[in-house]
Amino acid sequence: MHIRTIQKPILAVDMDEVLADSITLIVEQYNKAYSANLRKQDLFGKTIYDCLPSSHISFIKEQQNRVNFYQEVAVIEGAQEGITILSEKYDIYVVSAALEFPYSLASRCTFIAKNFPELTWKKLIFCANKPLIKADILLDDMTENLVGFGANGFLFTAYHNATIKYPNRLNSWEEVVERLG
């Protein structure tokens with residue numbers, strides 16, 4: 001049995017729209033493929049699936065499941081600095097519900113290794129049900145993932161959750177560091 005030697009609180013951090021700006025790339029790819037003019041602002045309070053014809057959703061899912069998808073994704077502003085600062089106080093894990101897109105798993109690992117070197121492969125958790133994760137704090141962009149975390153579940157503002165009322169909302173990595181640091 002492995003016993004954790006670091007006795008810092010565990011901070012679980014979601015990947016998409018918290019560390020990785022995947023939606024910007026998805027919108028760009030969609031516009032290119034369909035000669036569309038979709039803007040990230042058009043998604044305010046909605047998921048991308050809510051904004052597209054149902055016949056186009058499979059294209060989006062195919063993009064998200066590409067082997068090299070995350071090699072093209074940008075880092076959310078302030079995330080690298082935030083992780084570096086918070087890693088002094090917390091034992092940080094990336095927790096991603098990535099199993100829906102299995103071909104992207106290696107690319108996700110590469111994205112984290114490249115942009116967050118302090119988060120080794122041992123700090124990556126891919127799962128389908130985040131409320132099962134045992135962590136002291138969860139930072140996520142989906143309210144359903146925060147179930148069970150109570151006051152220790154923080155909603156990171158993203159395009160799709162902008163209209164949701166949530167008591168523990170953090171709008172930027174600057175706010176994350178201010179609140180949790």
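Analyst: In this predicted model, strand β7 is joined to strand β8, residues 169-170, by two bridges, and these strands run parallel.

The side chains of β7 can be sorted by face. In a regular strand, side chains alternate between the two faces of the sheet. β7 spans residues 153-156, with Gly153 and Leu155 on one side and Phe154 and Phe156 on the other. Each of these four residues is buried, so both faces of the strand are covered; buried here means under 20% relative accessible area.

Rolling a probe the size of a water molecule over the atoms shows where empty space is left. The largest pocket holds about 560 Å³ of space. It is lined by 28 residues, and Asp16, Gln64, Glu100, Phe101 and Met142 are the closest to its centre. By class, the lining consists of 13 nonpolar, nine charged and six polar residues. Helices α1 (22-34), α2 (48-51) and α3 (57-64) each contribute at least two residues to this lining. The largest share comes from α1, which supplies three residues.

Notes:
Residues are numbered from 1 along each chain as its sequence is written. This is a predicted model: local features need pLDDT of at least 70, side-chain atom pairs count only at pLDDT 80 or more; totals for chains, interfaces and linings use all residues. Side-chain values use heavy atoms; hydrogens and water are left out. Buried means under 20% relative accessible area, exposed over 50%, partly exposed in between (1.4 Å probe, protein chains only). Two strands pair if DSSP finds at least two bridges between them. On a 1 Å grid over the protein atoms alone, a cavity is a set of points where a 1.4 Å probe fits but cannot get out, and a pocket is an open set with protein on both sides within 12 Å along at least five of seven lines; lining residues have an atom within 4 Å of a point. Grid points are joined across faces, edges and corners, and a volume is the space filled by probe spheres set on the points. Ala, Val, Leu, Ile, Met, Phe, Trp, Tyr, Cys and Pro count as nonpolar, Asp, Glu, Lys and Arg as charged, and the others, Gly among them, as polar.
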